[in-house]
Every structure is written in C-alpha cells, then in structure tokens.
Amino acid sequence: MFLPILSGLVVSVDAFFIGLSLGMRQRCRFLYLVVINAFLFGLCVLGFFLAGRVYELIPIDPDWLVGIAFIALGIWTIAQYFVAERQKQRAEENPQSGIKTIVLVGLVMSVEAMLITMGLTILFAPDTFFVIPVVVAAAHFGYSAISFFLARSKYAKRIPVILSYVISGVALIVYGLMALFVETAI
C-alpha cells in the first residue's frame with residue numbers, strides 16, 4: 001500500500017506548477033482552485049472505477065500501457081508550454097479570455113489527474129485500494145494550493161515559466177520509464 005501512495009504523490013508534482021501559474025494570474029481566486037480540485041477528485045474516483053474494468057480487457061502487460069501513457073503525458077505537458085505562450089499572446093489581444101484560460105487549465109488538470117489515477121490503478125492491479133484516487137486528488141490540491149499562495153508572494157515572480165512545464169513533464173516521463181523498466185516488489 002506504501003508504493004501506490006508514494007506514486008500518487010510523485011506523479012502529482014505537476015500540480016505544483018499549475019497552482020503557480022494560476023496564482024500568478026491576478027484574476028484567479030483561490031475559490032477557483034478549490035472548485036477545480038473538487039471536480040478533479042470526482043474524475044479521479046471515476047478513473048479508479050474505470051481502470052478496474054479496463055485492466056481486465058488489456059491483452060498486454062499493463063506496465064507497458066501505463067509507461068507509454070505517462071511518457072506521452074509528460075511530453076504533452078512540456079508541449080503545453082508552447083500552447084500556453086500562444087494563449088498568452090491571444091489573451092493580450094483579447095482581455096476577456098482570462099476566465100476561459102482558467103477553466104481550460106482546470107479541465108486539463110482534472111483529466112490529467114484522472115489519467116494518472118487510471119494509470120496507477122492499472123499498474124498496481126489487482127491489489128489496488130481506494131486510497132489511490134484520494135491520494136492523487138489530495139496531492140493535486142495540496143501542491144496547487146501551496147504554490148498558488150507562493151505565487152502571490154514576491155519570490156515566485158523570478159521563476160521562468162518554461163521551467164515549470166519542463167519539470168512537470170520530466171517527472172511524468174521519469175515515472176513512465178519507471179513503470180516500463182522497474183519491477184517493484186515493495
């Protein structure tokens with residue numbers, strides 16, 4: 001039971017940087033982050049139950065599927081930097097798009113957390129526990145809340161934006177590689 005909890009904490013580190021980027025937006029309130037994470041928790045629970053059914057249908061070793069999914073998710077997270085930069089340019093042209101961007105970030109973070117929950121459930125199946133979606137959702141909320149308030153301080157303004165996307169993406173890629181090549185017996 002220790003390894004699924006640790007895995008949920010590790011792969012949720014990208015939420016730290018999402019909270020940081022939301023905290024740097026003056027229009028974003030902490031209440032928005034709470035609503036996003038409530039939706040995220042619901043999707044994590046849904047992902048947990050879906051993964052239990054999907055596990056039985058997978059004809060290959062689930063480690064391969066999960067590993068490739070996390071690597072793809074990590075690459076996608078890094079690519080999001082370029083999408084965010086493009087949206088930033090559009091936001092400067094259209095100042096009303098701020099709330100749309102927050103909703104989009106919340107949706108992406110929630111779907112990504114659901115995929116993480118599904119991946120961890122499949123990876124540790126058939127010995128999975130309901131603690132997986134709870135840990136993933138709690139870690140997402142904790143990391144994003146801490147970084148949200150950190151962003152409102154004067155110290156976070158110096159962090160380059162690209163660094164947050166790269167660290168998040170690399171964390172997911174490393175976890176995907178671990179799922180592919182590391183057999184765990186803890």
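Helices (H or I, at least four residues) are DSSP runs, numbered from the N terminus, and the expected span of a helix is 1.5 Å times one less than its number of residues. The model on screen is predicted, with local features needing pLDDT of at least 70 and side-chain atom pairs counting only at pLDDT 80 or more, while totals for chains, interfaces and linings use all residues. Residues are numbered from 1 along each chain as its sequence is written, and side-chain values use heavy atoms, with hydrogens and water left out.

Select residues 30–57 to begin, which is helix α3: its 28 residues should span 40 Å at 1.5 Å a residue, and the end C-alpha atoms are 40 Å apart, which agrees. Move along to Ala 51, where α3 bends by about 25° (the angle between axes fitted to the seven residues ending there and the seven starting there). Ala 51 is also one of the buried residues of α3, among them Leu 33, Ile 36 and Leu 40 (buried is under 20% relative accessible area, exposed over 50%, partly exposed in between, with a 1.4 Å probe and protein chains only).

Now turn to the rings, where a search of the whole structure finds seven aromatic pairs (rings of Phe, Tyr and Trp, its six-membered ring, with centres within 6.5 Å; planes under 30 degrees apart are stacked, over 60 edge-to-face and the rest tilted). Select Phe 30 and Phe 148, whose ring centres are 5.7 Å apart with planes at 55°, so the pair is tilted. This pair links distant parts of the chain, since Phe 30 lies in α3 and Phe 148 in helix α6 (residues 131–151), 118 residues apart. Phe 30 is partly exposed at 26% relative accessibility, whereas Phe 148 is buried at 2%.

Methods
Helices (H or I, at least four residues) and strands (E, at least two) are DSSP runs, numbered from the N terminus.
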